[in-house]
Amino acid sequence: MARTRQTARRSVPDPDPNGVPDEEEQQEMLGHLTEEEKARRAELEKAPMQAELKHLEKRWTKKGRGYITEPKDDDELPEDKFNWYDKFALCVTRQYDMQNKYVQRTSLQINSQALKDILSEIIAAYPGQSFATADVAIDFPAHCLYHYQPELDAAVAKQEPGSDGAAHLPILLDFIDEHFADEIKQGDNLRDKGLVSYEHLWTLFRPGSLVFGSKKGQARVFKLDNYHYAGGQCAGLQLQVQFTDYDGDDFGTRFDGLFIPQFAGAVPIASLPALPLQFHPDPEGVRRALTARGRRWEALAGQNFREYKGVATDADGGRFNIDGRVMVDTHTFHRIEADDAYNVAPFPKPKPAVPFGTKRKQSLTSDDWDLIPEQDAAAERKALAPLTDDQALLASAVVRGFSFTEKKFLEFFVDRLRPVDWNTSCFEQLVLPESQKELVQALVAEHTQRSAAAGRGFDDIVKGKGQGLILVLHGPPGVGKTLTAECVAEFSRRPLYIVSSGDLGTTASTLDEKLSRTLDLASTWNAVLLIDEADVFLERRSLHDMNRNGLVSIFLRTLEYYSGILFMTTNRVRTFDDAFKSRIHVPLKYTDLSPESRLKVWRNFLARIEGGIDIDEDGYRQLAKGKLNGRQIKNVVRTAKSLASYKRRKLDQKQLQQVMDIQMSFEHDLDSASKGDQDIDMVQR
């Protein structure tokens, strides 16, 4: 389409809220116009809009008032006519600094209402750009026009013949062709071959499109929000992206960044660390796989007890190899580790179901809420709408929770989480008198049922006191004290949280903080809590050791209000403080294993050997004669299994006896050394 431009230089005052220009400024802004041009200017204020693109400049008077004028280099302009600047469909304006020396910014002013309507409909929203305002100006480099050129091209055919849209849209398309000539010619040519240069890298990334990348080694898909080139030593294209996350209360949107370092020449698009999903070799496969992973991620909202095997990370980037059980719980993570918490921009929640006969929630008053049961209202407020497939595709690859092996809050990869494989036959393998096993099972079952019924059972005089189940397991090491707690956790299908005196600290202030936190987590997750080697907290108070008195007092006070299942192991019940005796519901005494008990332990461990074993009944009885505890028997079996694997033979009695003899010799040496030390002490005394 032919376009005509102006020969005469003219200027137009920029609207200023501080008042109209004075006479001196009027002379400075308009003084170069001839009388004929001034008269013509008055006529053209009433002229219709011209279907042209006009090049203009914004300059400044000496008093700092901005005004619009044509470029001073008149040789660039055809010599036929001039018009009032806002009568042109499009204007390119260069804005100078206050000294009229340097161009601060260049923008494309959209004056045509028809073009404004077309851009508003096609582009709608674009980062940093509005098409819904009365004045629409697109700052250079005007990337939004390049990204939406195909849609604008297609819109030409939809315009009514003779309309402003039919007349003005081709001018905008001519501008795009001219302004982005290099990108269209060279960039598109490379892209057709699956290549891209650093200069034209931005042309791949249209805001709102899907981007394939990775975080922490996990394949991810993001929605592109914006991009910009970064300079300096770390030059490259910085992408701001959105993804779906969960903050413990809501599903919603979070922002993150991807970075493509600067490179030389042309490289394959598929080799970039981040690329549009459409350029991935298998975009549909990526969609299916990551949407399925997003659904698994979605199912982990709330509290979920799982098994995990793999690397987990903390907020500082530390890496931990985890092989054990974890509690997935973002809400508690953020409550306890508040410095590492984040929030999301929530997705809309579903409309709540209101009990029959009440008004919809949108119109409920504070009085109306009394019509809804408290628990129902709380559930409605916390209800989460299912994710759409698009939201699931953008879901994070990690969840937040707690590792019971590391005793740390960490981030876990969704693909490494598995359902818990409960050992329901654990109690059958526990070497403990039947009467004691039956008592423990009954107490745990009753406590679990009472907890599920929200405390509708026996209670203390003071509400909230004495609702826990406290068991003390005492006896020599390796006879099944810890295993009892593990079996109770398996039997009741609860997490087992094991802590020791070292984890809780040995000063009053540290104990108060760490014990409160430990009991808080155990209560939150309804876990079975085992405090191993609890002697230091249970020992009798005295007049001379104030630190120990503080530890015991804090321990007593805290246990009084704990409502869960608590196991404590100790080897020194004779030193217990008297106050603990009334707080212990079940004391279980463990003795050295009898030959029959050792035989059962050997059978239990050897039954788990893959590929079977070569041992007869007499062999079992020979092994049971060795005075080993349960932990030592487990170590012998593990070591002998490694020996059999090395010899490429099936595990048999000979290998077990070989390792057991070494263990027994070591135990004999330890006993001899211990007896010698005792004799020396007696002589010195």
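**A colleague's note on this predicted model**

1. Let's start with V528: setting aside neighbours within four places in sequence, V528 is in contact with A485, V488, A489, S492, R494, P495, L496, Y497, I565 and F567. Here, contact means heavy atoms within 4.5 Å. V528 sits in strand β24, residues 528-532. With a relative accessible area of 0%, V528 is buried.

2. A word on the ground rules. Residues are numbered from 1 along each chain as its sequence is written, and side-chain values use heavy atoms, with hydrogens and water left out. This is a predicted model, in which local features need pLDDT of at least 70 and side-chain atom pairs count only at pLDDT 80 or more, whereas totals for chains, interfaces and linings use all residues.

3. Now the chain as a whole. Its secondary structure comes to 23 helices and 28 strands. Helices (H or I, at least four residues) and strands (E, at least two) are DSSP runs, numbered from the N terminus. The protein chain has 685 residues, and 45% of them count as buried. Among contacts between residues at least 6 apart in sequence, 68% join residues at least 24 apart.

4. A489 is one of the partners of V528, and A489 belongs to helix α14. A489 is buried, its relative accessible area being 1%. Beyond its neighbours within four places in sequence, A489 is in contact with W422, R494, P495, L496 and V528. C-alpha to C-alpha, A489 and A527 are 7.7 Å apart in space, while in sequence they are 38 residues apart.

5. Please look at the backbone of R493, which has a positive phi of about 55° although it is not a glycine. R493 is in the loop between α14 (481-492) and β23 (496-500). K216 also deserves a glance: not a glycine, yet with a positive phi of about 55°. The loop between β10 (210-215) and β11 (218-230) holds K216, and at 47% relative accessibility K216 counts as partly exposed.

6. What kind of peptide bond joins F140 and P141? The bond is cis, with omega of about 15°. P141 lies in the loop between β8 (136-139) and α4 (143-147). Both F140 and P141 are in contact with H179, once the neighbours of H179 within four places in sequence are left aside. H179 is in helix α6 and is partly exposed, with a relative accessible area of 28%. The C-alpha atoms of H179 and Y146 are separated by 9.1 Å, and the two residues are 33 apart along the chain.

7. Helix α6 also has helix partners to inspect. Two packed helices are described by the angle between their axes and the distance between the axes. Axes are lines fitted to C-alpha atoms, for helices over the stretch in contact, and angles run from 0 to 180 degrees between N-to-C directions. Helix α3 (residues 113-122) and helix α6 (residues 164-179) pack at an angle of about 70°, with axes 8 Å apart, and are therefore roughly perpendicular to each other. (Angles under 35 degrees count as roughly parallel, over 145 as roughly antiparallel, 65 to 115 as roughly perpendicular and the rest as oblique.) On the α3 side, A114, L115, I118 and L119 meet D164, G165, H168, L169 and L172 of α6. These contact residues divide into six nonpolar, two polar and one charged. By class, Ala, Val, Leu, Ile, Met, Phe, Trp, Tyr, Cys and Pro count as nonpolar, Asp, Glu, Lys and Arg as charged, and the others, Gly among them, as polar.

8. With helix α7 (residues 181-192), the axis of α6 comes within 4 Å and crosses at roughly 60°, so α6 and α7 are oblique to each other. I176, D177, E178 and H179 of α6 make this contact with A181, E183 and I184 of α7. The contact has three nonpolar, one polar and three charged residues.

9. Finally, the largest pocket is lined by 48 residues, of which T482, L483, E486, R608 and K634 lie nearest its centre. The lining divides into 17 nonpolar, twelve polar and 19 charged residues. Elements supplying at least two lining residues each include α14, β23 and α22 (630-647). On a 1 Å grid over the protein atoms alone, a pocket is an open set of points where a 1.4 Å probe fits, with protein on both sides within 12 Å along at least five of seven lines; lining residues have an atom within 4 Å of a point.

Methods: Buried < 20%, exposed > 50% of the residue type's maximum accessible area, 1.4 Å probe, protein only.
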